[in-house]
Amino acid sequence: MQPFTRHSGIAVPLLKDDINTDQVAPVQAMRALKPDYKALLFMRSRAEDPDFVLNQPQFREPGILVAGHNFGAGSSREAAVWGMLANNIRVIVARSFADIYRENCLQNGLLPVVLAAQDADAFEQRVLAANGSAPFTVDLETQRISGPGGPDIAFDMPAADRMRLLEGLDDIGLTLRHRDEIVDWEKRMAGSQPWLQFATDSRT
């Protein structure tokens, strides 16, 4: 997957709680043989509500999505991440994330940021005040958000998750980093457990 270091873009305020994956990526739109993931993002909301935030001219080229609590609830639908990436949204700043959705973000190079409550309040007000007029920048190396209306805002991320994003490693990539260790272990075990011999031979 594409590594994440730093991303700048217009921050879109979708300040609602419990936004689920069917709202983000409606299942009906995924039945096509080759879904258009860019058009898929919030397809129903954009079609049914002329005032929906992504229909507003200043937010039609988004880069960062700002949401409330429990973003990505519902199914494990990975298309709800792919739709973000297809629209150049590489950061979601939310009050909290559904666990499965957060993991899908990490697997695909989409940065999920949770701010402390006071910082979240301040950041949301800055996003609303900017109203799409200037970009914000999220830097994963320094773990800071910068942009109009105030000083940088720091955020925390577990070291293992930060490393995965900075180095562009999904689960397969993480496993391959330890391939030699796995092969060595299999060779050691093969002497005492012959059923492992075939697996060991096939990898060397």
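1. Start with helix H6: the face turned away from its buried side carries the exposed residues Ala 117, Gln 118, Gln 125 and Ala 129. Here exposed means over 50% relative accessible area, buried means under 20%, and partly exposed is in between (1.4 Å probe, protein chains only). Helices (H or I, at least four residues) and strands (E, at least two) are DSSP runs, numbered from the N terminus.

2. A word on what you're looking at: this is a predicted model, where local features need pLDDT of at least 70 and side-chain atom pairs count only at pLDDT 80 or more, while totals for chains, interfaces and linings use all residues. Residues are numbered from 1 along each chain as its sequence is written, and side-chain values use heavy atoms, with hydrogens and water left out.

3. Now the other side of H6. Its buried residues are Ala 120, Phe 123, Glu 124, Arg 126, Val 127 and Ala 130. They sit on the same side of H6 because they cover an arc of only 160° around the axis; that arc is taken from the directions from the helix axis to the C-beta atoms. These buried residues pack against strands S1 (6-14), S2 (62-67), S3 (91-94), S5 (136-139), S6 (144-146) and S7 (153-154), where contact means heavy atoms within 4.5 Å.

4. How far should H6 reach? At 1.5 Å a residue, the 14 residues of H6 (residues 117-130) should span 20 Å, and the end C-alpha atoms are 20 Å apart, which agrees. The expected span of a helix is 1.5 Å times one less than its number of residues. Just after H6, Asn 131 takes a positive phi of about 50°.

5. On to the sheet. It is an open one of 7 strands, in the order S4-S3-S2-S1-S5-S6-S7, with mixed pairing. S4 (111-114) and S7 stand at the edges with a single partner strand each, so one side of each has no neighbour in the sheet. Two strands count as paired if DSSP finds at least two bridges between them.

6. Let's walk through some pairs. S1 and S5 run antiparallel and are joined by 4 bridges, with Arg 6 opposite Asp 139 in S5. S5 and S6 are also antiparallel, over 3 bridges, and Thr 137 stands opposite Ser 146 in S6. S5 and S6 form a hairpin with 4 residues between them, and Gln 143 in the turn has a positive phi of about 55°. S6 and S7 pair in the antiparallel sense over 2 bridges, and Ile 145 faces Ile 153 in S7.

7. In helix H4 (residues 79-86), the buried residues are Ala 79, Ala 80, Val 81, Gly 83 and Met 84. What covers them includes helix H1 (21-24), helix H2 (37-40), S2, S3 and helix H5 (99-108). Just after H4, Asn 88 takes a positive phi of about 65°.

8. Finally, Arg 44, which lies in helix H3 (residues 43-48). Is Arg 44 buried or partly exposed? Arg 44 is partly exposed, with a relative accessible area of 30%. Arg 44 and Gln 23 are 21 residues apart in sequence and 7.3 Å apart in space, C-alpha to C-alpha. Leaving aside neighbours within four places in sequence, Arg 44 is in contact with Asp 22, Gln 23, Pro 26 and Gln 28.
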